[in-house]
Amino acid sequence: MPGGAFNDAEKHFDSCLTRNCRVCVFWTENGFSFHAVGKVVTLSANNVTVALSNTPQPAGLSRQTRQVTVPRYCDQTRWSAQTCVTPVGAERSLSAIRQSSFSR
């Protein structure tokens with residue numbers, strides 16, 4: 001399953017998160033999926049809050065969001081590929097995993 005390798009990488013990345021770490025954050029709002037690059041400002045046991053440093057994509061659909069809080073990998077009841085943080089540059093591999101899971 002292609003998601004297995006991603007989950008191992010995500011688990012490792014989550015364990016290495018620190019404040020001011022640059023990440024790509026994915027979240028949903030009003031039925032739309034968004035992503036943006038930002039820096040981690042707060043870490044708790046179950047959540048990570050990211051201050052956005054660019055305009056959420058797709059542009060124009062999101063309210064003027066400056067910070068986003070998403071679940072950490074360890075919170076498997078809320079974590080998903082649509083609500084997570086990844087290393088900057090991992091957006092393409094995440095998109096491929098999403099598409100393969102939707103095509104099943």
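This is a predicted model: local features need pLDDT of at least 70, side-chain atom pairs count only at pLDDT 80 or more; totals for chains, interfaces and linings use all residues.
Residues are numbered from 1 along each chain as its sequence is written, and side-chain values use heavy atoms, with hydrogens and water left out.

So, back to Asp-75. Asp-75 sits in the loop between β4 and β5; helices (H or I, at least four residues) and strands (E, at least two) are DSSP runs, numbered from the N terminus. What does the side chain of Asp-75 meet in a salt bridge? The partner is Arg-78, at 2.6 Å from N to O. By salt bridge I mean a side-chain nitrogen of Lys or Arg within 4 Å of a carboxyl oxygen of Asp or Glu. Arg-78 itself is partly exposed, at 41% relative accessibility. The side chain of Asp-75 also makes a polar contact of 2.8 Å with that of Thr-77. A polar contact is a pair of N or O atoms within 3.5 Å; within protein, one must be able to donate a hydrogen and the other to accept it, and residues adjacent in sequence count only if both atoms are side-chain atoms.

The structure holds 2 salt bridges. The other one pairs Asp-14 with Arg-72, with the closest N and O atoms 3.1 Å apart. Asp-14 is in helix α1 (residues 2–15) and Arg-72 is in the loop between β4 and β5, so this pair ties together parts that are 58 residues apart in sequence. Asp-14 is buried at 9% relative accessibility, and Arg-72 is buried too, at 13%.

Now the overall layout. There are 2 helices and 5 strands, and along the sequence they follow the pattern α-β-β-β-β-β-α. The 5 strands form an open sheet in the order β4-β3-β2-β1-β5, with antiparallel pairing; two strands pair if DSSP finds at least two bridges between them. At the edges are β4 and β5 (84–87), each pairing on one side only. From one strand to the next, the twist averages 45°, using axes that are lines fitted to C-alpha atoms, for helices over the stretch in contact, and angles from 0 to 180 degrees between N-to-C directions. Between β3 and β4, which run antiparallel, there are 5 bridges, and Thr-49 has Thr-69 in β4 as its bridge partner.

What about the inside? A nonpolar core here is a set of buried Ala, Val, Leu, Ile, Met, Phe, Trp, Tyr and Cys residues joined through side-chain atoms within 4.5 Å. The largest has 15 residues, and those with the most contacts inside it are Leu-17, Val-23, Val-25, Trp-27 and Val-85. At least two residues of this core come from each of β1 (22–29), β2 (32–43), β3 (47–52) and β4 (67–71). Apart from it lies another core, of 5 residues, including Cys-24, Phe-26, Trp-79 and Cys-84.

To finish, two totals. Buried residues make up 39% of the 104 residues in the protein. Among contacts (heavy atoms within 4.5 Å) between residues at least 6 apart in sequence, 52% join residues at least 24 apart.

Notes
Buried means under 20% relative accessible area, exposed over 50%, partly exposed in between (1.4 Å probe, protein chains only).
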